[in-house]
Amino acid sequence: MKKLKITPIKNGTVIDHITPGFAVKVLHVLKIPESTSSVVSVAINVKSRIGKKDIVKVENRELDTKEVDKIALIAPKATINIIRDFEVVEKHKVQLPDEIVGIVKCSNPTCISNAKEPVKSRFLLVSDDPPSIKCYYCERETEDIAERII
Amino acid sequence: MDFKNRDVISIKDFSKEEINYILNYTKKMVPYAKGEKHTDILREKILSSLFFEPSTRTRLSFESAMNRLGGRVIGFADPSATSQKKGESLADTIRMADSYADAIVIRHPQEGAARLSTEFAESPVLNAGDGAGQHPTQCLLDLFTIITERKKIKGNKIVLLGDLKYGRTVHSLAYALSLLGAELTFVSPESLKMPKEVINECKEFGVEPSSISNLERAVKDADVLYVTRIQKERFPDAEEYNRVVGMYKVDIDLLKHAKEDLIIMHPLPRVVEIDPEVDKTPYALYFKQAFNGVPVRMALLSLILGGKKL
């Protein structure tokens, strides 16, 4: 009998199809474990029909869609599954919000948002896939977004 | 069209119609800027002028503009004499300036400083240059200069020459010229080429800029030659600077290839890229261009501070 490396969860959220190797960054964006006391399982480099992927499962907690959408910055193909009583009751692909605040650091070292000013970093969405964002302050597009996660 | 209390941070914040409106209103300001006519439509208004970086033309022309409109200016041209020196944040400096004046003009070495200032000021903020970022009033005065000399922008063949990579004026200008329908040619050393994202913005307006390395060929059928300084301070390597600095030079010999009514512009300061001999020719428009900073800034200040229409 085929045995799953991670067992299904009864209730909670499954983030599937995360770009392989990015699960830890996804946790970082979602501020896990700081923001939750739930059981969280992480699988990295899981074989799938279209190659490898990472998976994150958060038990007994339905993550807020808007919050989870932020992970599209680093895993644009991820899907969010809300599980109730072992059934998927909601499923959607992550979608970046038009504005991303306080998650990414501007790649421009002389941008004012990198100075000691009382503001959070702020980016406007340029394109979804591949994710491309532009700093609200200096108007530069940020490269290597995954490396710039605060 | 209502500009009252509007911030002026980037030329991209303005529509084509709004840009044309400002440029038309600027025409009315010229005799006042020259001192031929007098007005005090901004009497009792105070402009806070915060220059965290050196400036000659921009600062003086903002001050002249405010004075010509009957307003007053407070501020500084050297941040070493301010609380910044004690470690005060820009946000706090802006909060103070906001409470002392009706509008704030800011030049700052860091990109995005003007945009950030709008979050801490209730009064309108005018960006007088933020690092290698935006310089919208320079862009407007460049557009005004071209319109004054060539009657319109659409269809003019405009060559942008020099440091197209780091030069803050050329990025906003390429955007605005494309928006207004000019034909663009870029000439620069290989290492200082126009960034792709700026070229893509031009294309969004249906303009296909051409990039060539031969200046003689570019100048041949040009209507406007816009020259920029190669900025030594942007180069991490002095050797690379020395290699590119003398690569292009506008001199009398080059102008033998030019159309009779070509105009040469430069945001100044100029170093070696235009031979002083060119100053005496009818092609040279850069000093008149610098004067145009006054009527353009008068128009903006008047519109933003709600001065009575002239």
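Predicted model: local features only at pLDDT ≥ 70, side-chain atom pairs only at ≥ 80, totals over all residues.
Let's start with chain A, where three strands make an open sheet in the order β6-β7-β8, with antiparallel pairing. The edges are β6 (99–101) and β8 (132–135) of chain A, and each of these pairs on one side only. Going from one strand to its neighbour in this sheet, the turn is 35° on average, direction ignored.

If you want to look at one pairing in detail, take β7(A), residues 122–127, with β8(A): they run antiparallel and share four bridges. Within that pairing, L124(A) has K134(A) in β8(A) as its bridge partner.

## The sheet in chain B

Over in chain B there's an open sheet of four strands, with parallel pairing and the order β2-β1-β3-β4. Here the edge strands are β2 (72–76) and β4 (125–130) of chain B, each pairing on one side only. Neighbouring strands in this sheet are turned by 15° against each other on average, again ignoring direction.

Strand β1(B), residues 46–51, runs parallel to β2(B), and five bridges join the two.

## Where the chains meet

Now for the interface. On the chain B side 17 residues are in contact with 16 residues of chain A. The two chains bury about 1300 Å² between them, and carbon and sulfur atoms give 48% of that area.

E111(B) and R140(A) form a salt bridge, with their closest N and O atoms 3.8 Å apart.

## Who contributes on the chain B side

Which elements give two or more residues to the side of chain B that touches chain A? They are α3 (90–100) and α4 (113–118) of chain B. The largest share, three residues, comes from α4(B). Sorted by class, this side of chain B has six nonpolar, six polar and five charged residues.

Methods: Residues numbered from 1 in each chain as written. Chains lettered and ligands numbered in written order. Heavy atoms only, no water. Pairing = 2+ DSSP bridges. Axes fitted to C-alpha atoms, helices over the stretch in contact; angles between N-to-C directions. Contact = heavy atoms within 4.5 Å. Buried area = accessible area lost by both parts, 1.4 Å probe. Salt bridge = Lys/Arg side-chain N within 4 Å of Asp/Glu carboxyl O. Nonpolar A, V, L, I, M, F, W, Y, C, P; charged D, E, K, R; others polar.
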